[in-house]
Amino acid sequence: MHGFLTVLAFFFLLASPVTAQPTPVSASWELATLPGSGLVAVLWLTPGQGFKAYANDPGQTGLPTRAEAVLTPSGKSLTVLYPPGKTAQDLYEKDKTVKIYDSPTPLFIPVPHDAPPGFGVQAKVNLLACTDSSCWPMSLETDFSSKEVPNPAPADRQPWWSMFAGLVKEAPATSSLGVAAKAIEAAPGWTFAPRSLQPHLEVNGLLKALPLAFLAGFLLNLMPCVLPVACLKLSGLLAVCREGDPTCDRFALIRQHNIFFSLGVLAYFCVLAVLLGLAEMAWGELFQQPGLILGAAVVLFALGLSLFGVFHLPVIDLKLTPRPGHSPRSQALATGFLATLLATPCSGPFLGGVLAWTLMQPVAVVMTVFVGIGMGMASPYLLLAVRPELTKFVPRPGPWMSHLEKLAGFLIMGTCLYFLVILPAALLPASLVALLVTAFACHAWGSWTNLSQGAFTRWTIRSVAAAAAVAACVWALSVPAAESAAWEPFDKATFHQMLGKEDLLVDFTADWCPTCKALEKTVLRPPAVARLQKRYGFKAIRVDLTRESPEAMALLRSLGSASIPLAAVFPKGADSQRPVVLRDLFTSGQLEEALEMAFGQVK
C-alpha cells in the first residue's frame, strides 16, 4: 500500500504545472585545490525560501536526490559524494522519518588527476522539492568551466572540508577517488581560527610570556610539597653550620647551597624544555605513560619513607644532620631538582596560559620561556645567595624542624597518592602491591645494612632490595588497563561528520590534570552540562588525553594550544571553523557566555 501511494503521488506531481511554481532549488559551483595535488568541484544546491529536498539517502520514504556528472570535453563519468541529510518527519506519513536538505548543501565531485587544463564539469540533478504542503520532482542541468576559477582556494581551509574528508573515507575505494583519498592523508589536520572569550589574557609573544612565566615560577614556591622541602633544607643548613666547626663561614655555606639549589631548579626546567620542545609534546603529556606515573609514585613513596627514618637516600638528603662522604653541592643540586619535580603536578593553574602558546613555538622559544619559569622559582634562593644576611628572617633551628620534616613526608606521600589516582583503575591493585614491595625494600636497605659490613655485602643487599622494587613495578605494569568512562568519547571520524552540522562542546581532559578534574567536579558536572544541553541543544564530546592519542593531540594543537584544560565551542555552519575557546580554569558563567557567543539565540 505504501509503495502504491508513493507511485500515485509521484505521477500526480508529474502532472502538476511545475512552471507555475517559483524555482525551488538553485545551483552554483565552487572549485578547490586538494592538499598535495588534485581538485574537487563542489556543486551547491540551495533550496529557496520554504523549500526542502530529500537527501541522497532519503530514509524511510521519499525520492532520493541523485546527480550525474561528467568531465568535459572527454565525457568521462565522475563520482559524486553526497552529504547526509537532516532527520525530519515525513510530509505525508507522519509516523516515518526522512533525511532532507533544507539549507545550502554541497555535492562533492573529485576531479581526476588526468583532467586537461581548462576542463569543465556538467551535472544533471534529479530531486523531489517540497514545501510544507506539496512536492514535485525537479531536474537541474548545470555546468561550469575551470577557466572561471583561475586560482582555486585550498580545500582544507573551507568550512566543508571535514565533511568532505569524512565522505571520502567512508566511500568504497575506487580509482576516481584515489587522488582525493591521498589528499586526505596528506592534509595537515584541522585548520581552525579560535576566538578567545578573554582575548586580552591570551599570550601571543615573548614580551608577554616571559613576565608571566617568571611570576608563575615564583608562585610555584608556595606549592604545599615545595615549601616544606625548601624550608627544611635551608633550616637544616643553618643548624649544621651552628653545630659544626666554629670557623664555619655561615654566609659562604648559605650562598653555596642556594646557588646549587637554584641550578637544580633551572636544570629541571631545561631538561623539561628539551623533552617537550624536541618531541613536540604538550604540558603533562609525559604523564600519559603509566610506567612513568608508577615510577614517580614509587620514588616519592621511597622519599617519604626516608623522611620517616626508614632508610637514608644516598643522593637526596633532607635530614637535619650531615652525612659523611656526601657532597653538599650535589645534594643541594638534587634537592632543587626534586623540589621542582614535586611542583610539576600542581603547576597547571599558574602555567596553563603561558604554556598554551609556548609549546606551539620553536624549541629556542620553549627553552627561553622555561628558563624564565625556572628563574622565577629560583629567584628567592638567588636573592639569599646574593644577600645571605636575609636568612635572619628564616626561623632559627629548633625542635619544630623535626615536625616540619614529618609534615614534608606526609605531603610527599599525598603527592604519591595523587599519582596513584591518575593511574588506570585496572593497575591500581597491582601498583599497591608494588608500593608494599618498595616499603620492604626500603626497610631492608635501612635495617639490614650498616657501615660495619663490607662494601660487597652491603651493596649486594641494597642491590637485591632495589631490584625487588623494580621487578614489582614491572609486574604491576603488565596488568592491562581498562578504558575509562567519559562523556561521548572523541572519535576523529565521528567528529568530522558532526563538525559544521551540529553544535558541539568539546572538553579536553586527562586523569593526570588536576585542574581538569577540578572543572569536572564543579563547572562541568553532569547535571550542569545536561541543563546547558537542554537550553542550547549541543552535543558534548570529551577528548581524553590520559593516554597517548595523536589524533586528539592534533585537534588540541589546531586550536592553538598545547596544554589543558581547554574547552572549545563549535557552532554549526560556516562558523564551525571559528570555535570559541576557554583555556585553563573557567567559571560556569564564562562557559555559558562562550556558549551564547558561539550559538547565539538559545533553543
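## Terms and basis

A residue is called buried when its relative accessible area is under 20%, exposed when it is over 50%, and partly exposed in between (1.4 Å probe, protein chains only). Helices (H or I, at least four residues) and strands (E, at least two) are DSSP runs, numbered from the N terminus.

The model is predicted: local features need pLDDT of at least 70, side-chain atom pairs count only at pLDDT 80 or more, and totals for chains, interfaces and linings use all residues. Residues are numbered from 1 along each chain as its sequence is written, and side-chain values use heavy atoms, with hydrogens and water left out.

## Overall architecture

The protein contains 18 helices and 17 strands. Of its 603 residues, 48% are buried. Taking contacts (heavy atoms within 4.5 Å) between residues at least 6 apart in sequence, 74% join residues at least 24 apart.

## Helix α17

Helix α17 spans residues 550-558, and its buried residues are Ala 552, Met 553, Leu 555, Leu 556 and Ser 558. Their cover includes the helix α14 (492-498) together with the strands β14 (504-509), β15 (539-544) and β16 (566-570). Gly 560, with a positive phi near 75°, follows α17.

## Packing of α4 and α10

Helix α4 (residues 206-219) packs against helix α10 (residues 363-386) at an angle of about 35°, the axes lying 6 Å apart. Axes here are lines fitted to C-alpha atoms over the stretch in contact, and angles run from 0 to 180 degrees between N-to-C directions.

On the α4 side, the contact residues include Leu 206, Leu 210, Phe 214 and Phe 218; on the α10 side, they include Val 365, Val 369, Ile 373 and Met 377. The residues of this contact divide into 12 nonpolar, 5 polar and no charged.

## Disulfides

A disulfide is a pair of cysteine sulfur atoms within 2.5 Å, and the whole structure holds 2 of them. In sequence order, the bonded cysteines pair 1-2, 3-4.

Cys 130 and Cys 135 are joined with an S to S distance of 2.0 Å, and this link is right-handed, with 115° about the S-S bond. Cys 130 is buried at a relative accessible area of 4%, and Cys 135 is buried at 2%.

The sulfur atoms of Cys 513 and Cys 516 lie 2.3 Å apart in their disulfide. The torsion about this S-S bond is about 75°, so the disulfide is right-handed. Both Cys 513 and Cys 516 are buried.

Key
Nonpolar A, V, L, I, M, F, W, Y, C, P; charged D, E, K, R; others polar.
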